[in-house]
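Subject: Structure handover

Dear colleague,

Here is the structure, with notes on the chain contact and the salt bridges below.

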Amino acid sequence: MTEARGPKKLLVAVCMMIGVWLLAPMLVVVPMSFTDRRSLSFPPEGWSLQWYRNFFSEPQWYEALLTSLEIAVLVTVVATFLGTAAAFALVRGHFPAKAAVNALLLAPLVVPVVIVAIAVFAAYLRWQLSGTVRGFVLAHTALAIPFVIITVTASLRTFDRRLELAAQNLGANPLTTFRRVTLPLILPGVLSGALFAFITSFDEVVVALFIQSPDVRTLPVQMFTSVTREVDPTIAAASTMILVLTTALLTMFALARRQEEHVH
Amino acid sequence: MSTDPAPGAALALRDVVKHYGEQFAVDGVSLDIQPGEFVTFLGPSGSGKTTTLNMIAGFTRLTRGQIEMDGRAIAALPPHKRNIGMVFQHYALFPHMTAAENVGFPLRQRKVRGAELAQHVERALAMVRLEGFGDRYPRQLSGGQQQRVALARAVVFEPRVLLMDEPLGALDKKLREWLQLEIKRIHRELGITFIYVTHDQEEALVLSDRIAVFRDGRIDQLGTAEELYERPETLFVAEFVGDSNVFPGRVARAGERLEVVGDGYRLQVRDDRLLPDGSPAVVVVRPEGLRVANGNAEANTLDATVREVIYLGSSRRLELEFRNGRRGHLREASNAPHSFSEGDAIRVTWAPEDGVVVPDDRSLEQGVAEPSSVLTG
């Protein structure tokens, strides 16, 4: 133990440095959002909540937030459902070209987003989906599905299928077997997939820039346009709120997971 | 729930076949199981015993044949409609449910609720002596306790047939022996039909009314433990069930007697098999059938050298080498008067009725009988 102490201290130091490196930019944004000046300054000299007030009084900001939430929630539901179904097919199904289908479904992870964006843009012009919530949900779902597939596939691979045989033997029909046995046991994978899907959509800016319209504009797009036009600390307030929201989601998920582990 | 006079169901397998592509997993199994009987499928891995069990449970579809429960064809029924209980090899308890919820699961599927459900669960847990363990999750229970929860869950809905797939395989010897007795007791109490799969011949002997010995997707022999041990019909059964000395040779009829003539011996056996003259055959003698010869003129006498003496508590086991290099062993009571040590030359003998002759299908298959592979511990 004694000889391990030196390297262990080093490890702790390196980890802390990485942590600071990752967190510092965000921690700069938070105080900036409370500034009383009209420009972004760090450290702020005086404090105020005016930029939060501004966020919730200017329609272009709070409507963008509502649009983002609406799209992200829809994407989460659709992508979780489709991704889970696809994961079942990929893990348990036997069909030709399974590897190719798998690669195709995961392609949005490796294809540069800007290429996806241009393709979506071109297609949407013809289909008249540009600037619609439906269009956003469709495009973001394609981007989010790989995350659901990956997490649910991992859960399914470690799932003991004899539990399903046992349930059926005990009188449960296939649907009940899924509801009472399979789903509860792969739920951690499904939920983390859903979380990733939500964040993927909520966070997405490239495709959104291409298919936005004045009516349907998501929060990242609004932030992007605001920062190119004027430098207004409202963007810091928006960033801080996104930070809080995602942190809250991740914390809730971590807590739920810990409880889950407590049970098993 | 029911007060049926015959709690167990009769089960019949009619020429059941399962093949995967070219591979035959089960190759024509027919079997009639009486209501309330305890039948064990015994065999090495890959012999088709578990596949047959899975076909009875409904997890594996039959390629051909039929399975009947009380005369009703069930081969086309999905597993959840068969009402057959099953204990899985690694218990397959639901990890997200407590022991009581696990046991209550099959009752919920049958719309039993509330106080009635609780009462049945409690009774089932009491039957396996796990009163007060209902609130525990599977991971909070030992292997033996999990096994008993699985057993309670498999019988709580009063199925008329219970299947068990090597349920004791993962447990240590002491626990296994105790649970064997528990399973026997529960079989007696419930009176339902048990089908038990194992590769452990001792377990099969302890538990079963009848044993079906599986080999290469077929039943080699079906019979009581005593029948299998005393009168094996094939060399495979003779070697798989219990220890044996085997002496290969060819059948030679000498008037009324049946003899097997081999390398340096001419052996007399009980003549209850219709084996053609000159056909390859093997004489099987159980270790306790062999004894050290006193006189000279006895039939079935062979010279041997003692290679090792192993003290086993209630008995002694003598490892022998016969003159032609063939190995064997005999078992005698520890309190037998003589004592031998390594290197002693002795003569061993057995009564003709203690030897069983079986056809030597191995030499037919392989052309030559390989002595070293015939003699196993």
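Which side chain does that of Glu332(B) meet in a salt bridge? The partner is Arg316(B), at 3.4 Å from N to O; a salt bridge here is a side-chain nitrogen of Lys or Arg within 4 Å of a carboxyl oxygen of Asp or Glu. Before the rest, the conventions. This is a predicted model, in which local features need pLDDT of at least 70 and side-chain atom pairs count only at pLDDT 80 or more, while totals for chains, interfaces and linings use all residues. Residues are numbered from 1 along each chain as its sequence is written, chains are lettered from A and ligands numbered from 1 in the order in which they are written, and side-chain values use heavy atoms, with hydrogens and water left out.

Salt bridges

The structure holds 25 salt bridges over all chains. Glu332(B) lies in strand 18 (residues 327-333) of chain B and Arg316(B) in strand 17 of chain B, 16 residues apart; strands (E, at least two residues) and helices (H or I, at least four) are DSSP runs, numbered from the N terminus. Both residues of this pair, Glu332(B) and Arg316(B), are buried, where buried means under 20% relative accessible area, exposed over 50% and partly exposed in between (1.4 Å probe, protein chains only).

Strand 17 (residues 315-322) of chain B also holds Arg317(B), whose side chain meets that of Asp243(B) in a salt bridge (3.3 Å, N to O). Asp243(B) sits in the loop between helix 8 (235-240) and strand 11 (245-254) of chain B, 74 residues from Arg317(B). Arg317(B) counts as buried at 14% relative accessibility, whereas Asp243(B) is partly exposed at 21%.

In chain A, Glu164(A) and Arg161(A) form a salt bridge at 3.3 Å, N to O. Glu164(A) is buried, at 7% relative accessible area, and Arg161(A) is partly exposed, at 45%.

Chain contact

Chain B gives 24 residues to the contact and chain A gives 20, contact being heavy atoms within 4.5 Å. The two chains bury about 2000 Å² between them, 66% of it on carbon and sulfur atoms; buried area is the accessible area (1.4 Å probe) lost on putting two parts together, summed over both. On the chain B side, His80(B), His96(B) and Arg139(B) lose the most area to chain A, together 27% of what that side buries.

Regards
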